[in-house]
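Look at the model below before reading on. The paragraphs after it go through a few places where parts of the protein meet.

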Amino acid sequence: MLALLAQTQVQIPEIVWSVLWPIVLLSIGGVLLITATSISPRLRVGSFPAAMTIVLAGASLVTLPLIWSKVRDGGGQLPVIADAIRIDAFTLLVTGIMCASLIVVSLLLDDYLRTEGLDGPEWYVLLLMSATGGILMAAANDLIVTFLGLEILSIAVYVLAALHLRRTKSQEAGFKYFILGALSSAIFLYGIAMIYGATGSLRLTDIAQFIASGNSAGLSPLTESSLLLAGMAMLLIGFGFKISAAPFHLWTPDVYEGAPTPVVAFMASAVKAAGMAGLLRVFIVAFGVVAEDWRPVVGAMAILSVVIGAASALGQDNVKRMLAYSSIVHAGFMLVGLYAAASGAAQTGTRSVVFYLFAYAVMSLGTFAAFTLIGGRGDQNHSLSAYVGLSRSNPMVASLLAVLLLAQAGMPFTIGFWAKARVIIAAANGENYVVAAVAMVAAVVAAFVYLRLIVTMFMISEPDEAGEAEASGAQLRISRSGLFALGIAAAATMIWGLFPGFGGDWFGEATRALLELR
Amino acid sequence: MGNVAEVIVFLISGAIVLGGGLGVILNRNPVHAALSLIASFFGVAVLFISQEAHFLAFVQVVVYGGAIVVLFLFVIMLLGVDRAEQVRVEQLSMQRPLAIVTGVMLFGLAMGGLFLSGPGGEEGAVAATGQQSAMVPIDETEPNVRQLGLDLFTRNVLAFEATAILLTIATVGAVVLVRNEGAEDLVVDEPGTSIG
């Protein structure tokens, strides 16, 4: 036996631990958190789990510049662990989004759990692990790692959606999300198998090379490898479900409505950003060469998403459902950017999507933070009528929410304007005038939805109604941590709205990192 | 005549796989359906062996034929064997025909992918699965399981580790969700909740 062991020469891949800090901190930190709180029940109550989550996410944020300087010295690309993941500017940007989202959601969740009379570090453990999955997904250079990242990200969120054990609506949301999500994951996995069959590799860079060599030999995948095409279609379904793009969006309104609001903030920011990041990496890096083949499908998904999302948002009376449909519109906008990237405007298109996913994470975090505060105990005040006269009872929350909603609508001087403008410009650069026009019309329709909510908040109502509204508004107990979270998001919206290049050219670097790989 | 033997093995185990599959959907008794599933899994295991994928065959029997079907049986027994669901009534109209249509489309997609693929033309199926081997070339002298193990701990070590996180999440999630605290004051107040 020992002799057998001795003859085996195992080439252990080199692991550069120093660039893996965020992944290590978040995943090991999650395990430590659940261990510590299991050993000492005193730690279960109080703010310890939230504080630990914030510290872990903050520490990961701090390591990002250090890692970046290392990556830049290494030429912008750092293959880590046998090239299964790539640490580059894009990975670091998505890591940053994940950590910011973790911090904001923990701030919200701490107070939410206390008001609801729930306890449990499990919420934070699942959030930490889920964020790890998101980072893996964005970093993956291997379809198996992409899939594992997707599953880690999603399964934690299925549980989180259902974790308000006393509310049947939360249970229903978790169950729906789980059933549909499991189906989409199965399709995704089937797609991976087909891609492997067609190209003989799971590494994104190898797949790209294989397809490129076939292309230069005069073989077009469209006619020669329907296996590859089927695989790409199935991957697109899996990603489309995660980012809730039409026609795979049907779960979104129900889940957003039923799930605990802080969890929805995580879903809208981190889960969508990670899904989009995975989609970008797989389709730009591995299938960038055959963009011609997947372009029409992405275009159709983009148009369907913006149209269906905007049209359905109009008729909603529940603000969480409204914002669920709006998140479908935003997914559509990101796909418009991807469509542009596939049709000639590779640089501007990819860059617009990268910026958009950052912008949407910021805006959705803030918006759902406000909804958490206004929703109050038992997530009850989510009907539009609960917002009447909010500007008088809670002027601070109302005005910050108004800023965030205007940003979502694409108002100039906010981050949302630059996000939308860049996507439209990219689409025009790629000469996709039809898609650009449809997206603009949908943006106008969606803007009406946000304005309706803003008008409701600032509405001066009839005397008797106003008294009632103020009575319901007066009950609002705004937690300091929640208000702080809302403030951060609103400030970020304005800072990047006024100075879109604030903090250096991350978005350009991230785009370069993606495009270099093909 | 190794080829003839291979064809015979393929035909027999293929028949078992298909028969088991049909048994799963046609049996009215859920326990019989689960047992048919085992038959189908065993057929697949034999097919794996004939492809010299010994490890896969082994896993197929232990994990699928063993653990997963036993889990199915547990659930069926816990829910009550005799409580057969009324499947003849359609909950959603048009659901069944739509399911059949999409099923056929998916089958067509898979078959199309398999047979129209690759530069091989009539030999498309060969091209689809054998274009290039990105793993270490299959070494005849080394046992299958050993090659797989080496691959798992070198090229795919990260995926292996990430699975640990996945399992942790699954455990935490399952434990948290089945905790029964607070079940007495369940809130079913929201409109539109379709429970009860």
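A residue is called buried when its relative accessible area is under 20%, exposed when that area is over 50%, and partly exposed in between. By this rule B:Arg155, with a relative accessible area of 24%, is partly exposed. The model itself is predicted. B:Arg155 has a partner in B:Asp151: the two form a salt bridge in which the closest N and O atoms are 3.6 Å apart. B:Asp151 has a relative accessibility of 7% and therefore counts as buried.

That pair is one example of a kind of contact found elsewhere too. Over all chains, a search of the whole structure finds 16 salt bridges. Another of these joins the side chains of A:Asp88 and A:Arg281, with 2.9 Å from N to O. The two residues belong to distant parts of the chain, 193 residues apart: A:Asp88 is in the loop between strand E2 (85-87) and H4 of chain A, and A:Arg281 is in helix H12 of chain A. Are these two residues buried or exposed? A:Asp88 has a relative accessibility of 0%, so it counts as buried. A:Arg281, at 1%, counts as buried as well.

Next come the helices H4 and H12. Helix H4 (residues 89-116) and helix H12 (residues 261-286), both of chain A, pack with their axes 8 Å apart and at an angle of about 170°. Because of this angle, H4(A) is roughly antiparallel to H12(A). On the side of H4(A), the residues that make the contact include A:Phe90, A:Val94, A:Ile97, A:Leu102 and A:Tyr112. On the side of H12(A), they include A:Pro262, A:Phe266, A:Ala270, A:Leu280 and A:Arg281. What kinds of residue make up the contact of H4(A) with H12(A)? There are 17 nonpolar residues, four polar and one charged.

Helix H3 (residues 48-73) of chain A holds A:Ser60. With a relative accessible area of 0%, A:Ser60 is buried. Its side chain reaches the backbone oxygen of A:Leu56 at 2.8 Å. If residues up to four places away in sequence are not counted, A:Ser60 touches A:Pro22, A:Leu25, A:Leu26 and A:Cys99.

The last stop is a loop. A:Asn318 lies in the loop between helix H13 (291-314) and helix H14 (319-342) of chain A. A:Asn318 has a relative accessibility of 17%, so it counts as buried. A polar atom of the A:Asn318 side chain lies 2.8 Å from the backbone nitrogen of A:Lys320. Apart from neighbours within four places in sequence, A:Asn318 is in contact with A:Glu257, A:His382 and A:Ser383. From C-alpha to C-alpha, A:Asn318 and A:Ala386 are 9.6 Å apart in space, while in sequence they are 68 residues apart.

A:Glu257 also belongs to a network of salt bridges, in which it is linked with A:Lys169, A:Glu172, A:Lys176, A:Asp254 and A:Arg321.

A:Asp317 forms a salt bridge with A:Arg452, and their closest N and O atoms are 3.2 Å apart. A:Asp317 lies in the loop between H13 and H14 of chain A and A:Arg452 in helix H19 (residues 433-458) of chain A, so this pair ties together parts that are 135 residues apart in sequence. A:Arg452 has a relative accessible area of 25% and is therefore partly exposed.

Key:
Residues are numbered from 1 along each chain as its sequence is written. Chains are lettered from A and ligands numbered from 1 in the order in which they are written. This is a predicted model: local features need pLDDT of at least 70, side-chain atom pairs count only at pLDDT 80 or more; totals for chains, interfaces and linings use all residues. Side-chain values use heavy atoms; hydrogens and water are left out. Axes are lines fitted to C-alpha atoms, for helices over the stretch in contact, and angles run from 0 to 180 degrees between N-to-C directions. Helices (H or I, at least four residues) and strands (E, at least two) are DSSP runs, numbered from the N terminus. Angles under 35 degrees count as roughly parallel, over 145 as roughly antiparallel, 65 to 115 as roughly perpendicular and the rest as oblique. Contact means heavy atoms within 4.5 Å. Ala, Val, Leu, Ile, Met, Phe, Trp, Tyr, Cys and Pro count as nonpolar, Asp, Glu, Lys and Arg as charged, and the others, Gly among them, as polar. Buried means under 20% relative accessible area, exposed over 50%, partly exposed in between (1.4 Å probe, protein chains only). A polar contact is a pair of N or O atoms within 3.5 Å; within protein, one must be able to donate a hydrogen and the other to accept it, and residues adjacent in sequence count only if both atoms are side-chain atoms. A salt bridge is a side-chain nitrogen of Lys or Arg within 4 Å of a carboxyl oxygen of Asp or Glu.
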